[in-house]
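Hi there,

Here is the structure I promised to send over. Please have a look, and then read on for what turned up in it.

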Amino acid sequence: MKAITMMELEIGLYDWYALPCRRCPSAAHVPGDLLRMASAQTLEEAEPRGIDFHVLQESWATPTVVPVARVLMAGLADRSVSAVVRNRFLDLLWSFVIVDDEDIAAECLDAVRGGIWALYEEILSGDSQGSALLAYWLVKDAETTPARVDRLLATARHRLPEDLYEED
């Protein structure tokens with residue numbers, strides 16, 4: 001019997017047929033796209049084809065991005081997910097927390113808070129400076145204890161790009 005991943009566990013919580021999609025009758029295709037992305041090994045394979053222009057277009061989003069954000073955070077907790085995929089997940093999450101709809105952005109930020117330790121791990125791991133930067137931006141916006149962000153910077157500054165400014 002195949003073990004259920006954290007992403008599959010989270011995916012199972014939502015009625016994807018009832019969630020909106022901009023291009024399709026529903027977001028029923030989104031779970032398959034998320035799982036396809038999670039198993040990717042290259043940037044091209046990790047392209048969010050069922051998400052871009054379906055539930056997110058530039059800074060416009062459907063409410064479907066909220067459960068997608070929760071699934072992405074579950075995916076980040078799985079260290080077997082490739083570095084390319086982790087970077088893509090972090091990039092999508094960053095896109096979700098800055099959408100024009102403030103309520104949707106706030107719900108996505110809450111999803112990020114729910115798995116914030118996976119973001120700390122991403123920064124502290126040293127696996128990818130690009131992913132560390134995206135994770136840092138998310139932590140900086142989501143963390144409710146500013147002293148923790150200060151401590152993170154003091155500890156892991158060398159894991160972040162040299163041109164990072166504390167105001168970023």
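F89 is found in helix α4. Please keep in mind that this is a predicted model. Is F89 buried or exposed? With a relative accessibility of 0%, F89 counts as buried, because the cut-off for buried is under 20%. Which residues does F89 touch, leaving aside those up to four places away in sequence? They are M7, L34, M37, A38, L72, G75 and L76.

Next, helix α6, which spans residues 116–125. Its buried residues are I116, A118, L119, Y120, E122 and I123. What covers these buried residues of α6 includes α4 (83–97), the helix that holds F89, along with α3 (65–76), α5 (102–114), α7 (129–142) and α8 (146–156). Just after α6 comes G126, with a positive phi of about 75 degrees.

Finally, the surface. D100, D101, E102, D103 and E107 form a negative patch there. One of them, D103, has its place in helix α5, and α5 is also among the helices covering the buried residues of α6. D103 itself counts as exposed, because its relative accessibility is 58% and the cut-off for exposed is over 50%.

Best wishes

Key
Residues are numbered from 1 along each chain as its sequence is written. This is a predicted model: local features need pLDDT of at least 70, side-chain atom pairs count only at pLDDT 80 or more; totals for chains, interfaces and linings use all residues. Side-chain values use heavy atoms; hydrogens and water are left out. Buried means under 20% relative accessible area, exposed over 50%, partly exposed in between (1.4 Å probe, protein chains only). Helices (H or I, at least four residues) and strands (E, at least two) are DSSP runs, numbered from the N terminus. Contact means heavy atoms within 4.5 Å. Patches are made of residues with over 30% relative accessible area and no salt bridge: like charges are joined within 9 Å, nonpolar side chains (Val, Leu, Ile, Met, Phe, Trp, Tyr) within 5 Å. Accessible areas come from the Shrake-Rupley method with a 1.4 Å probe; for residues, only the protein chains shown count as cover. A salt bridge is a side-chain nitrogen of Lys or Arg within 4 Å of a carboxyl oxygen of Asp or Glu. Lys and Arg count as positive and Asp and Glu as negative; His and the chain ends are not counted. The place of a charge is taken as NZ of Lys, CZ of Arg, CG of Asp or CD of Glu.
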